[in-house]
Amino acid sequence: MKIGVFICYCGENIGRTVDCAAVAQAAAKFPGVIHSEDYKYMCSDPGQNLIKQAIREKQLDAIVVGSCSPHMHEKTFRKAAAGAGINPYMVEIANLREHCSWIHDDIPSATKKAIELTRIAVEKVKYNEPLIPIRVPVTKRALVIGGGISGIQAALDIANAGFEVVLVEKEPSIGGHMSQLSETFPTLDCSQCILTPRMVEVYQHPKIKLLTYSEVENVEGFIGNFKVTIRKKARGVKEDLCTGCGLCVQKCPIRKVAKNEFEEGLANRPAMYVPFPQAVPNLPVIDRSVCTYYKSGKCQMCKKVCGRDAVDFEQQDSFVTEDIGSIIVATGYKLYTIDKKPENSPIQGYGEYGYGKYTDVINGLQFERIASASGPTSGEILRPSDSKVPKKVVFIQCVGSRDEAKGFTYCSKICCMYTAKHAMLYKHKVHDGEAYVFYMDIRAGGKMYEEFVRRAIEEDDVKYIRGRVSKIYEEDGKYIVKGEDTIAGMQVIIDADMVVLATAMVAQPEAPKLAQLLGVPYDKYGFLAEVHPKLRPVETSSGGIFLAGACHSPRDIPESVAMASAAAAKALVLFGSDMLEREPVIAKVNAGTCAGCFYCQKVCAYNAIEQKEIKNRAGEVIKVVAYVNEGLCQGCGTCNATCPSKSVELVGFKDEQIFNEICALY
Amino acid sequence: MEALQKIAKEALASKEAAFIIGYARVPGSQKTRPFIARDEAEAGQLVFDEYCQNNLAVYLTRIARPKEGKMGIVAKSCDVRAIVALLQENQIKRNEVYIIGVNCSGVVEDPAQPLSKENLAGKCNMCQAPQPAGTDTVVGEAKPYERADDKVGKLLAQLDSLSPQERFAFWEAEFEKCVKCYACRQACPLCYCEQCIADKSQPRWIESSASVRGNFAWNMIRAFHLAGRCIGCGECSRACPADIPLMLLNRKMGMIAMKEFNYRHGSNMDDPTLVGSYNNSDRNDFIM
Amino acid sequence: MANENFEPKITCFVCNWCTYTGADLAGTSRLKQQPNARLIRVPCTGRIDPVFLIKAFETGADGVLVSGCHPADCHYNTGNYHARRRWIFFRELLNTVGIPESRVHFSWVSASEGKKWVDVVNGVIDKVRQEGPFEGYKKINNEFALPEEVEV
Amino acid sequence: MNYYITTDEKLRELVRTLAEQKWNIISADKQGTRFMYINDGKDLTVDAKARPTKVSAKQFVFPKSEPLFFFKKEHDDLKLIDPQAVQQKTVLFGAKPCDAAGLPIMEKLFNWDYKDEFFNKRVENTVVIGMACDYTDEYCFCTSVGLAPDSEKGSDVFLVPGADNHYVVKEVTPKGAAFIAEFKAIFSEAAQGDIKAVSRTQPAPEKKFNVDEVKNWLDGHFESEYWSKAGETCLGCAQCAFVCPVCHCFDIVDENCAADCGRRVKNWDACQFGLFTKHASGHNPRETQPDRYRQRVSHKFKYYQDKFGETLCTGCGRCSRNCAVGIDIAEIVANIPM
């Protein structure tokens, strides 16, 4: 086999700590290597041309590129190899950047390591074999998980492109957190007014199958061919019969039995309820935890008043299974509940601001409801405890966020903007009121964002104090806010009527569970991980699964919408072809040596191992051996390691390849 | 003994079994050895007593399958575990074997000597049920016998108390003796691969040389492939011409199977195998 | 101790999706590491056969590190669970033949744990450096050294 | 032929002297498992009453694994490197007649066309101190293959146990004579009259078969029904061949030392392995275990006779004594329906 080695400087990135020329010279002496060279940027057009030229001129059978991570440019170099007429799988990458030059300082030892990494790749490529990608059909149907603004946007984009979408929302209505907001920064337009038409569009779209009050139960399969089981939770109301007249809700005798979730607990609701007036779908749901019928078997008022006989107390959770080609995760965020430490979380408690103890210490979403025209105070700024107009309001930023002691290292990103908005809304409605904002820094990057904050300070006279609040306590009906003004270098004490905490955005508590179902990595906070932070920000490491909105990290509405459209575009790229090419890295069985113990079948997560009878010429079964279904095998290789006789091997990572790699390390 | 011969003759006469894998006396000796009875006259040579050390289950995967009739086999309770293990691992089907269970009162370690507390096979020390279960028929009676010192267990405890360097030196001396005759493998009822990993040459994970290093690799992998599978019959140790205490490794793996998973292979043919299944709560404390 | 000048050789077997990517992230983040580790990339920890570890020692490794996705995070759903079950046996087996835990290390490092990867790698290197060269295996490997290289 | 007298204690002293002079010293181990290198007089085991060791002494002239050469790939070149030459002087203590006789038997195979320099050099460097045997069990049959408990075949020096830990020492070959001369202090010269008669405590093994009759039968019975039953319970391990003092089959394999170098090794192989005759095509001319067992018997009692006029067996009984399934080659040969 004739092997070519190409060592990339990556500008200075590799070249600074690795003597690339020395690596190329050392590689030239490896047995089997007949061509070796180095170049400034191997991934550039001239770089790729060097490779192609060498392949053609020296009739190379295989190449090794010493460059950045294979996750970065393996595809590029495979394509280049294919362009020069050799099979793209005759390419191996030595990771000289992420795994060498960037992590070492000492040139001699980094160069020595780079030579060894190159040798590993050369030894592996000796046993590479030409492979042909596997083609599988694509189900052109998307699943969007989460019906907030991100999910709505993604669903509409895909549906409008002409493909079917299943939109799953765990709450009784779509709309998400955006439907709770009063106005949006930096334009101060009404959140509901811009969102509701989108919600209705989803509901009415012929290509969108909307499953509210539903959750993803199980995910099987792979890109282009997922099978998703969805649990439709029992509403207690038959969706096909209910007209949404609302009579049952009006007649439910236990009016204020539960905290209204939509109003962030600032109001109550009955057992039979619609989350909010503009809910989509406009269908009520029975809260079984509080409903009299489920406690004593009595009442049934709702059932009695329903003219359509739509109330069904016996309704059970039901399951639907959908064939799906691509999944977009848009499960959004939650606000950090600061009064208690969440279970199994790195997040610590944050007791000292008195949230949960002092009625008028509220969080940002609660303030949104107070400021909202459709909220519990009809948009009048009244504090929850006594419905009086607060004359002095203190807003505290970074509650939880950017505070390692509390378990958060990240910035929640949107709080600077919404706090400015809150203070501004307050000043617009309470002209004689005073608004104070405690902040660490103002992060107002974004179109018209900085101008918006300046307006709050300069036009609306919001008093910004740079510093942290150390303590809040109640005294004579006031909340004494003790803080520090780090610019003035003095202690500040404010006797406030109300305090609004800009608490951190956290991931949905169920996000890790869903991520596990999907096989998508997530960070320690439960935010889902993209496959590359810069160049593939909406893709996950699981093919065909994309991310939209705040399930990935804290972000505001325009960013979420943009990300949702990006995710939709990724799904549409997938739907653009009828067949999908899959990596041909799959297991293959040697029927001759297989003893038929079927341990491989036991460890296969994809049911890809089948049993096959081997017959002699007389047609008698002489043994039963394992057989790999190429369509199902995902190429993990667990069967290969499990097989005692090594009768099943993973193409692309065969025993001989790995054996050679290990032997290259001497 | 007569009961055994009678059952074997009947099974052969009725064509229930094509042959009976059993024990026959070595002429002029009290020793016995494996014997395959194919007709009624040969069935008259079958015996069972305390000199029947062999685990005959090994023949179920070695011998040519009959076109008609089952493979008959004489099995002690420990041998039945090997048969159940083969059932668990798809090597035989229950309707392919006719199992004549024999109640056992312990077998000898050294067949030149009579059975005694001192001359009791190591496996009999570990025996939990001398009466075989799940067989087609059972003959004989199981008399209680006195258990001897658990030599393997003691040696293992001693080995565990050494430093890693000392343990390595211990095995270096033991494996140096290995001649790679693969008697351990061939005598093992659960080593049934058509091509052993040790015979695979592309790549050659286990060097075929009987070098110390190749012997380390072979013996470690042999023990690993039997981890959670070994049923403790000790045939590997007994077959080893170099007297390498192979059961130390097998026993260690068996102890882990018991400690971590409360599992004994070959106990029940419907049990999921240890390798090939997992539990979310499997031990994780050794992983950073 | 004399071991301070000893540079151990650590052979690492890592899964493609979590640990290899985590190591990429460590690189992208320019987190410095000692240069003693050599990574061999496999799709999944489920692919890692114990014979790899034996071969690593046969090729002169002083220590081995095996790393993959955290439980429940496996890109292939269950590969790491099956791997872990094998390790439970194999590490005990190695320990019994005198290849101690201090030379055979396991970790879960996710794609986002670049920092953890650095800590794990440096920790393993330090630990093995403290252990010193794996004299036991080096001795039995000697039989395979080219004659001119044999120390007489 | 000259006779000498020595004692157990003097032999131990000899070991100490030889160790100082960097000889390789081989003795049976205390457990009776095998022969091994020793360096200390106290480890010497010379016991006429002991059962033959489980593994024979052949590996000291025909190692179980022996590098023939090493190779190193260098870019487009391949360098061959010789292994370290066999030089060291070696002495094998306490070989029983059934062990010592193996050397001249194997010597024929290793010299009939190609002269195996590794084997020859080792034999040349080795002084075999044989010893009359005083052990018999049901597996012993040296008398059936033309040997006896006091055969000197293959020994350079031969010890006959006498009373009071004394040994009568016979010099058998010039090499043995030179050895005795070199270590005069150990071996005191004895006159014929000084040699006390030594009484065996064990009867010699009974003669179980006649090798000529066996060969005659084998000549015409390749396809005999007898074989199907004879090897039926054989599990196909190589124990019998590997413990045997004369089985000499080997396989030559290349092994990796590292990615770019390796060694070519000669390893013991055995006809009872299924792989022994398996073709690359998958076809196996010796398909079943009885086929292979026939080969084992035929090679020992026919083919080797045909080629070298000798029986490839010393009657030590090791293969049978160690067999996990009780296959006794002497019994099978004796039971041939002649």
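Me: Where is the place of Ser378(A)?

Reply: Ser378(A) is in the loop between helix H11 (364–371) and strand S21 (392–399) of chain A; helices (H or I, at least four residues) and strands (E, at least two) are DSSP runs, numbered from the N terminus. This is a predicted model, in which local features need pLDDT of at least 70, side-chain atom pairs count only at pLDDT 80 or more, and totals for chains, interfaces and linings use all residues. Residues are numbered from 1 along each chain as its sequence is written, while chains are lettered from A and ligands numbered from 1 in the order in which they are written.

Me: Why does Ser378(A) count as exposed?

Reply: A residue is buried if 20 or more other C-beta atoms lie within 10 Å of its own, exposed if 12 or fewer, and partly exposed in between, with C-beta atoms placed from the backbone. Ser378(A) has 10 C-beta neighbours inside 10 Å, and therefore counts as exposed. Its phi is positive, about 55 degrees, although Ser378(A) is not a glycine.

Me: What is phi of Ser387(A), and where is Ser387(A) found?

Reply: Phi of Ser387(A) is near 55 degrees, a positive value in a residue other than glycine. Ser387(A) is found in the loop between H11 and S21 of chain A. Because 10 other C-beta atoms lie within 10 Å, Ser387(A) is exposed.

Me: How does the radius of gyration of chain B agree with a compact globule?

Reply: The radius of gyration is taken over C-alpha atoms, and the globule rule is 2.2 Å times the number of residues to the power 0.38. For 288 residues a compact globule would be near 19 Å; chain B has 20 Å, so the value agrees. Chain B contains ten helices and six strands, and 55% of its 288 residues are buried.

Me: What span is expected of helix H10 of chain B, and what does the helix reach?

Reply: The expected span is 1.5 Å times one less than the number of residues. H10 (residues 247–261) has 15 residues and reaches 20 Å from its first C-alpha to its last, close to the 21 Å expected. Among its buried residues are Met247(B), Leu248(B) and Ile256(B). The buried residues of H10(B) pack against helices of chain B, including H8 (212–225), together with H3 of chain C. Asn262(B) follows H10(B) and has a positive phi, near 50 degrees.

Me: How many residues does the contact take from chain C and from chain A?

Reply: The contact takes 40 residues from chain C and 41 residues from chain A; two residues are in contact if their C-beta atoms, placed from the backbone, lie within 7 Å. On the side of chain C that touches chain A, H1(C) gives the largest share, six residues.

Me: How confident is the predictor in chain D?

Reply: pLDDT is the predictor's confidence in each residue, from 0 to 100. Chain D averages a pLDDT of 92, and 97% of its residues score at least 70. The model scores ipTM 0.92 and pTM 0.79.
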